[in-house]
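Open the structure in your viewer and keep the selection tool ready. This tour goes stop by stop.

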Amino acid sequence: MGNRIIYLDHAATTYVKPEVFEAMKPYFCEHFGNASSIYSLGRESKKAIEEAREKVAKALGAEPREIYFTSSGSEADNWALKGVAAANKKKGNHIITSAIEHPAIMNTCKYLQGEGFEVTYLPVDSDGMVSLEDLKNAVKDTTILISIMFANNEIGTIQPIQEIGAFAREKGILFHTDAVQAIGNVAIDVQKMNIDLLSLSGHKFYGPKGIGALYIRKGVKISSFIHGGAQERGKRASTENLPGIVGLGKAIELATENMEAYNKKLLELRERTIEGLMSRIPYIRLNGHRTNRLPGNVNMSFEFIEGESLLLMLDMIGVCGSSGSACSSGSLDPSHVLMAIGLPHEIAHGSLRLTFGEENTQEDVDFILEEIPKIVSRLRDMSPLYEAVKNKK
């Protein structure tokens with residue numbers, strides 16, 4: 001493969017598309033005016049922000065005034081949960097979420113528990129799916145918010161968002177979804193799906209880092225997140241990240257225009273990879289729902305090996321992936337998502353996530369189907385546990 005890097009970690013971040021970068025460039029040096037200023041340079045900036053807001057709204061089936069720009073998906077998640085909790089605490093103090101949410105939701109929920117809120121973490125089945133029955137049973141008179149992610153960042157499972165939204169609406173409970181992984185991969189209509197709040201992040205769909213958005217349905221009671229000036233209709237103060245907002249608008253426009261062809265391509269790469277690895281390597285399992293998953297997501301556990309060792313050996317041959325275990329956080333605990341779907345520690349530790357994107361090819365799949373079995377075999381040769389299993393045969 002020479003020096004070519006095969007990037008298979010698009011769920012972590014994507015590159016900025018050239019068209020997105022080109023759209024952003026003028027707003028660094030030429031059209032740099034503060035959007036709160038009344039002179040023409042400021043008015044140009046204001047216009048660019050509102051055009052981007054319209055693009056984000058269109059992609060979600062929302063109204064432009066329901067879109068609020070943030071610095072990230074994590075900020076949008078924090079605002080959705082803390083803002084709704086603060087504005088509705090007279091009504092109740094109970095929040096329902098799932099056991100496989102992103103840390104931006106999990107840690108915000110922990111924070112809110114420390115502030116006197118009660119949080120129910122719904123279990124998931126072995127495919128990572130939330131049960132509607134469990135959700136219905138968890139509701140109390142004090143429930144003010146349900147927050148369930150659209151699609152899981154690790155195992156790719158897509159939740160029954162429309163059904164959850166319909167139930168929440170019927171009960172008069174606000175419904176938030178972290179859709180950071182879903183934008184550009186799943187068609188989203190906030191009206192049809194009865195979504196009250198939705199978080200997204202630009203760098204997951206070929207936009208810039210440091211920019212996200214929160215959709216807040218008109219009429220939803222939510223407190224301001226950053227106090228200061230009147231930006232974002234007084235809800236989130238601070239001078240707008242003008243180039244980032246323009247980039248986000250362009251990226252979401254491209255992502256929704258090209259979604260069908262993009263997803264078809266990713267699905268083919270995903271299926272070949274899953275089937276190829278399953279047929280070539282014994283003692284492995286696919287994590288997440290077999291079909292109801294993000295088109296580019298492959299998450300597999302390999303028994304008798306460490307995920308980090310597999311990642312490092314892949315890196316040595318120019319392949320970028322990620323592991324199911326939380327080594328990067330300095331924690332020896334395996335992924336909370338893999339534990340929630342019922343994997344034992346030792347199998348969860350031997351996990352690999354590969355997430356495909358626009359630049360990946362069938363040749364990339366050929367290469368990893370040739371190399372991963374060799375690496376797994378080498379690592380297993382060092383494992384006394386695997387030796388014992390082989391000797392039993």
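What follows is a walk through a predicted model, with something to select at each stop.

**Stop 1: helix H7**

Select residues 161-171, which form helix H7. Which residues of this helix are buried? They are Ile161, Ile164, Gly165, Phe167 and Ala168. Now look down the axis of H7. The buried residues fall within an arc of 165 degrees, so they line one face of the helix.

Then step just past the end of H7 to glycine 172. Its phi is positive, at about 70 degrees.

**Stop 2: leucine 145**

Stay with strand E5 and select leucine 145, which lies in it. Is leucine 145 buried or exposed? Its relative accessible area is 1%, under the 20% cut-off, so leucine 145 is buried.

Alanine 85 and leucine 145 are 60 residues apart in sequence. In space, their C-alpha atoms are 7.9 Å apart.

**Stop 3: helices H4 and H5**

Alanine 85 is also one of the H4 residues that meet H5. Select helix H4, residues 73-87, together with helix H5, residues 103-114. Their axes come within 9 Å and cross at roughly 30 degrees. How are two helices at such an angle classed? Angles under 35 degrees count as roughly parallel, so H4 and H5 are roughly parallel to each other. The crossing of H4 past H5 is right-handed.

Show the side chains between them. From H4 come Ser74, Asp77, Asn78, Leu81, Lys82 and Ala85. They meet Ala104, Ile105, Thr108, Cys109, Tyr111 and Leu112 of H5. Color this contact by class: seven residues are nonpolar, three are polar and two are charged.

**Stop 4: helices H10 and H13**

Which residues make the contact? H10 brings Ser309, Leu310, Met313 and Leu314. H13 brings Ile372, Ile375, Val376, Arg378 and Leu379. By class, this contact has seven nonpolar residues, one polar and one charged.

**Stop 5: a loop with positive phi values**

Finish in the loop between strand E8 (212-216) and helix H8 (242-257), and select glutamate 232 there. Its phi is near 50 degrees, a positive value in a residue other than glycine. Glutamate 232 is buried, with a relative accessible area of 5%.

Now select arginine 233, which lies in the loop between E8 and H8. Its phi is near 50 degrees, again positive in a residue other than glycine. Arginine 233 counts as partly exposed, at 40% relative accessibility.

Conventions:
Residues are numbered from 1 along each chain as its sequence is written. This is a predicted model: local features need pLDDT of at least 70, side-chain atom pairs count only at pLDDT 80 or more; totals for chains, interfaces and linings use all residues. Side-chain values use heavy atoms; hydrogens and water are left out. Buried means under 20% relative accessible area, exposed over 50%, partly exposed in between (1.4 Å probe, protein chains only). Helices (H or I, at least four residues) and strands (E, at least two) are DSSP runs, numbered from the N terminus. The arc is that of the directions from the helix axis to the C-beta atoms. Axes are lines fitted to C-alpha atoms, for helices over the stretch in contact, and angles run from 0 to 180 degrees between N-to-C directions. Angles under 35 degrees count as roughly parallel, over 145 as roughly antiparallel, 65 to 115 as roughly perpendicular and the rest as oblique. A crossing is left-handed if the near helix is turned anticlockwise from the far one by less than a right angle, and right-handed if clockwise. Contact means heavy atoms within 4.5 Å. Ala, Val, Leu, Ile, Met, Phe, Trp, Tyr, Cys and Pro count as nonpolar, Asp, Glu, Lys and Arg as charged, and the others, Gly among them, as polar.
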